[in-house]
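Subject: Structure handover

Hello,

Here is the structure you are taking over. Please look through it before reading the notes below.

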Amino acid sequence: MTLKYEMQLLDELPMIYSCCVFVYCLYECFKHKKTINYPLLFLLLAYSIGVSIVYLNWKQPVFHQVMYGTLVTVLVLRSVYIVLWVYPWLRGLGYTSLTVFLLGFLLWNVDNIFCEKLRGIRESLPPLVGVVTQFHAWWHIFTGLGSYLHILFSLYSRTLYLKYRPKVKFLFGIWPVLLVESTKKP
């Protein structure tokens, strides 16, 4: 909460833009043809531009939070649809990405709502403990990890649909990556 408004824009508007890309990709992952869904593309582009214009003129962080939360809700609903009815075996990956992301979202809102109180508490704590209570930083860590897991989820869904055999492997036993084997014979 120490950023100036102009610097906050560099953080918050890309959240809207990247989430629109996620929405587009997740709604477009179940098709074979190389076509473009122009209505969805136009809607998301208009949404991004509209949110940007309003937020540049009406400097209310709650507006951004509601607009971002709306996009995340659309993503969550689509992901839940996929793990319930299309690929139920992806529940673990889908729900893990959602949980990690929502934890970051929760910490972001705690930081927004209780910023002054948290700042006061941090001043009385040892420096190392104070650093750990920087919930805005945790928001970036958890949403970054949740977004990465959601990208894996989206890639897994798409490659399954295209009849490949994706597998999640763990680098160094901790970092998930997607490996794709072709089911097509040479």
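What follows is a short account of what was found in it.

The model is predicted. The protein has seven helices and two strands, and along the sequence the order is α-α-α-α-α-α-α-β-β. Its C-alpha atoms fill a box of roughly 65 × 40 × 25 Å along the principal axes. Of the 186 residues, 40% count as buried.

Record and model

An unreviewed UniProt entry lists residues 13-30, 37-56, 62-86, 93-110 and 137-157 under "transmembrane region". In the model, the stretch 93-110 is 100% helix, with its end C-alpha atoms 26 Å apart. The stretch 137-157 is also 100% helix, and there the end C-alpha atoms are 30 Å apart.

Nonpolar core and surface

The largest nonpolar core has 36 residues, and those that touch the most other members are Leu44, Tyr68, Leu71, Leu90 and Phe153. Helices H1 (5-28), H2 (38-57), H3, H4 (91-113) and H7 (135-161) each give two or more residues to this core. H1 supplies the largest share, eleven residues.

Helix H3 (residues 61-86) gives the most to the patch, with three residues. Leu84 is found in H3.

The C-alpha atoms of Leu155 and Leu26 are separated by 9.0 Å, although the two residues are 129 apart along the chain.

The hairpin

Strand S1 (residues 165-171) and strand S2 (residues 175-181) pair in the antiparallel sense over seven bridges. The two strands form a hairpin with three residues between them. In the turn, Phe172 has a positive phi of about 55°. Leu171 has Trp175 in S2 as its bridge partner.

The side chains of Glu181 and Arg165 meet in a salt bridge, at 3.5 Å from N to O. Glu181 lies in S2 and Arg165 in S1, so this pair ties together parts that are 16 residues apart in sequence. Both ends are partly exposed: Glu181 has 34% relative accessibility, and Arg165 has 44%. Arg165, Lys167 and Glu181 are linked in a network of salt bridges.

Other salt bridges

How many salt bridges does a search of the whole structure find? The count is five. One of them joins Arg122 and Asp111, with the closest N and O atoms 3.7 Å apart. Arg122 lies in helix H5 (residues 115-124) and Asp111 in helix H4, so the pair ties together parts that are eleven residues apart in sequence. Arg122 is buried, with a relative accessible area of 15%, and Asp111 is buried too, at 4%.

Arg119 and Glu116 also meet through their side chains in a salt bridge, 3.5 Å from N to O. These two are three residues apart in H5, so about one helical turn separates them. Are they buried or exposed? Arg119 counts as partly exposed at 29% relative accessibility, whereas Glu116 counts as exposed at 58%.

Regards

Conventions: Residues are numbered from 1 along each chain as its sequence is written. This is a predicted model: local features need pLDDT of at least 70, side-chain atom pairs count only at pLDDT 80 or more; totals for chains, interfaces and linings use all residues. Side-chain values use heavy atoms; hydrogens and water are left out. UniProt positions are given in the numbering used here, feature names are shortened, and annotations may be inferred rather than shown by experiment. Helices (H or I, at least four residues) and strands (E, at least two) are DSSP runs, numbered from the N terminus. Two strands pair if DSSP finds at least two bridges between them. A nonpolar core is a set of buried Ala, Val, Leu, Ile, Met, Phe, Trp, Tyr and Cys residues joined through side-chain atoms within 4.5 Å. Buried means under 20% relative accessible area, exposed over 50%, partly exposed in between (1.4 Å probe, protein chains only). A salt bridge is a side-chain nitrogen of Lys or Arg within 4 Å of a carboxyl oxygen of Asp or Glu.
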